[in-house]
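Student: I would like to go through this structure by question and answer. Where should we begin?

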Amino acid sequence: MSVQFNSKYSDEVGQLGNSFNKMINKIRHLIDTIYDQQKQKREDDIAFLQAQIKPHFLYNTFDTIH
């Protein structure tokens, strides 16, 4: 995703190249956004599971002591 079209002209090919560069930048931005969202989702899932495990652990510990 590090490809860039370089043109010093503003003819049809140059405009096409500029559009290509914009498209690559937008794709890169979308990939970064999705990556961040997925990372946050995984962190939230882990926190949710940890919150569920803690009460069970305490209950089992108290039950064993009792």
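Student: In which helix is Asn21 found?

Tutor: The model is a predicted one, so the answers rest on computed values. In this model, Asn21 is found in helix α1.

Student: Is Asn21 buried or exposed?

Tutor: Buried means under 20% relative accessible area. Asn21 has a relative accessible area of 11%, and therefore counts as buried.

Student: Which residues does Asn21 touch, not counting residues up to four places away in sequence?

Tutor: One of them is Phe5, which lies in the segment before α1. With neighbours up to four places away in sequence left out, the residues that Asn21 touches are Gln4 and Phe5.

Student: Which residues form a nonpolar patch with Phe5 on the surface?

Tutor: The patch has about 680 Å² of accessible area together. Besides Phe5, its members are Met1, Val3, Val13, Phe20, Met23, Ile27 and Ile31.

Student: Which residues of α1 are buried?

Tutor: Asn21 was already found to be buried, at 11%. The buried residues of α1 are Gly14, Gly17, Asn21 and Ile24.

Student: How far apart are the end C-alpha atoms of helix α1, and what span should its residues give?

Tutor: Helix α1 covers residues 12–65, which makes 54 residues. At 1.5 Å a residue they should span 80 Å. The distance between the end C-alpha atoms agrees with this, at 79 Å.

Student: How many salt bridges does the structure hold, and which residues form a salt bridge?

Tutor: The structure holds 1 salt bridge. The closest N and O atoms are 3.4 Å apart, and the cut-off is 4 Å. The partners are Asp45 and Lys41.

Student: Why can Asp45 and Lys41 point the same way?

Tutor: An α-helix has 3.6 residues a turn, so residues three or four places apart point the same way. Asp45 and Lys41 both lie in helix α1, and their separation is 4 residues, about one turn of the helix.

Student: What are the relative accessibilities of Asp45 and Lys41?

Tutor: Both residues count as partly exposed. Asp45 has a relative accessible area of 38%, and Lys41 is at 46%.

Student: How far apart in space are Arg42 and Lys54?

Tutor: Arg42 is found in helix α1 and counts as partly exposed at 45% relative accessibility. Arg42 and Lys54 are 12 residues apart in sequence. From C-alpha to C-alpha, the distance in space is 19 Å.

Key:
Residues numbered from 1 in each chain as written. Predicted model: local features only at pLDDT ≥ 70, side-chain atom pairs only at ≥ 80, totals over all residues. Heavy atoms only, no water. Helix = DSSP H or I, 4+ residues; strand = E, 2+ residues; numbered from the N terminus. Expected span 1.5 Å × (residues − 1). Buried < 20%, exposed > 50% of the residue type's maximum accessible area, 1.4 Å probe, protein only. Patch = residues over 30% accessible without salt bridge, like charges linked within 9 Å, V, L, I, M, F, W, Y side chains within 5 Å. Areas by Shrake-Rupley, 256 points an atom, 1.4 Å probe, with all protein chains shown as cover. Salt bridge = Lys/Arg side-chain N within 4 Å of Asp/Glu carboxyl O. Contact = heavy atoms within 4.5 Å.
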